[in-house]
Amino acid sequence: MRDLDAICTTLLAAPRKGRRRLVALAGAPASGKSTLAQDLADRMTAAGCDTRVLPMDGFHLGNTQLHAQGNFAQKGAPQTFDVRGFLMLVARIQTEDEVFYPIFDRTLDAAIAAEGRVDKVCDTVIVEGNYLLFDAQDWRDLVAFWDISLRLKVSRDILQQRLLERWLGQGLSPAAALIRAQGNDLVNADLIAKLPLKADILLD
């Protein structure tokens with residue numbers, strides 16, 4: 001079991017480069033990033049440090065663009081994100097009082113523009129996403145912004161089970177859910193494992 005209070009204490013002690021503390025929480029699809037990020041944010045806020053969660057998923061390219069590029073079947077792979085737009089957003093969060101950002105809606109399978117907001121009272125932002133510690137062109141440039149970074153390490157078997165549950169919950173048939181998990185999500189998980197950048201904290 002992870003000691004969330006100890007993790008929060010470590011995060012709160014991390015010095016910051018800019019206006020806000022930026023925490024990277026990276027991991028494979030279905031590794032539990034979103035849940036952990038919100039748990040940590042709630043605890044840090046309760047401790048007097050206003051903390052928000054910013055998911056990377058809002059920077060998915062739209063389905064029209066993915067179809068045009070022939071990348072729709074690989075949605076979730078590194079090339080299916082607007083990484084440069086994401087870099088610009090992270091830079092703004094480090095320096096500006098108020099920043100709006102897109103949120104990905106799984107039901108719509110699309111990002112909603114300016115649905116999220118970081119305001120001037122926000123002290124710390126936990127950014128969560130697959131490729132925050134990914135050693136590839138453009139993605140590796142994110143590392144310069146992180147004040148502290150965490151990586152979730154989850155076994156491939158557990159990832160597959162969680163992914164199957166996710167896609168079954170989205171209405172896919174068992175066969176389609178297996179294809180989606182094995183043919184795309186786990187491929188991305190393997191890629192993340194192959195090209196990792198060092199995290200300050202590794203969470204098993």
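**Figure 1. Salt bridge between Glu-96 and Arg-92.** Glu-96 is partly exposed, at 29% relative accessible area. Partly exposed is the class between buried, under 20% relative accessible area, and exposed, over 50% (1.4 Å probe, protein chains only). Arg-92 is also partly exposed, with 34%. The closest N and O atoms of the two residues are 3.1 Å apart. A salt bridge here is a side-chain nitrogen of Lys or Arg within 4 Å of a carboxyl oxygen of Asp or Glu. Side chains of opposite charge can pair when their charged atoms come close.

This is a predicted model: local features need pLDDT of at least 70, side-chain atom pairs count only at pLDDT 80 or more, and totals for chains, interfaces and linings use all residues. Residues are numbered from 1 along each chain as its sequence is written, and side-chain values use heavy atoms, with hydrogens and water left out.

**Figure 2. Salt bridge between Asp-147 and Lys-17.** The structure holds 14 salt bridges. In this one, the closest N and O atoms lie 3.7 Å apart. Asp-147 sits in the loop between strand S5 (124-129) and strand S6 (148-152), and Lys-17 in the loop between helix H1 (4-13) and strand S1 (21-26), so the pair ties together parts 130 residues apart in sequence. Helices (H or I, at least four residues) and strands (E, at least two) are DSSP runs, numbered from the N terminus. Asp-147 is buried, at 14% relative accessibility. Lys-17 is exposed, at 53%.

**Figure 3. Asp-138, its salt bridge to Arg-84 and its positive phi.** The N to O distance of the bridge is 3.4 Å. Asp-138 lies in the loop between S5 and S6, Arg-84 in helix H4 (residues 83-95). The pair links distant parts of the chain, 54 residues apart. Asp-138 is buried, with a relative accessible area of 17%. Arg-84 is exposed, at 55%. The phi of Asp-138 is near 70°, a positive value in a residue other than glycine. Most residues other than glycine have a negative phi.

**Figure 4. A network of salt bridges.** Five residues are linked here: Asp-50, Arg-52, Glu-98, Arg-117 and Asp-119.

**Figure 5. The loop between strand S3 (99-105) and strand S4 (110-118).** Leu-108 lies in this loop. Leu-108 is exposed, at 56% relative accessibility. Its C-alpha atom is separated by 28 Å from that of Asp-157, 49 residues apart along the chain. Asp-109 is in the loop between S3 and S4 too. Asp-109 has a positive phi of about 55° although it is not a glycine. Asp-109 is partly exposed, at 25% relative accessible area.

**Figure 6. The largest nonpolar core, with 31 residues.** A nonpolar core is a set of buried Ala, Val, Leu, Ile, Met, Phe, Trp, Tyr and Cys residues joined through side-chain atoms within 4.5 Å. Phe-86, Val-125, Leu-132, Trp-139, Leu-142 and Trp-146 touch the most other members. S1, H4, S3 and S5 each give two or more residues to this core. H4 gives the most, with six residues. Residues up to four places away in sequence aside, Leu-132 touches Ala-24, Leu-25, Ala-26, Met-56, Phe-86, Val-127, Leu-142, Val-143 and Trp-146. Contact means heavy atoms within 4.5 Å. Another core, of 20 residues, lies apart from the largest one. Its members include Ala-37, Val-53, Ile-148 and Leu-152. In soluble globular proteins, nonpolar side chains tend to be buried together.

Figure 7. Thr-51 is buried, with a relative accessible area of 7%. Its side chain reaches the backbone oxygen of Cys-49 at 2.8 Å. Leaving aside neighbours within four places in sequence, Thr-51 is in contact with Ala-41, Met-44, Thr-45, Thr-124 and Ile-126.

Figure 8. A disulfide is a pair of cysteine sulfur atoms within 2.5 Å. For Cys-8, the nearest cysteine sulfur is that of Cys-49, 9.3 Å away. Cys-8 is buried, at 5% relative accessibility. The sulfur of Cys-49 is 7.9 Å from the closest cysteine sulfur, in Cys-122, and that is too far for a bond. Cys-49 is buried as well, at 9%.

Conventions. Polar contact = N/O pair within 3.5 Å; in protein donor to acceptor, adjacent residues only side chain to side chain.
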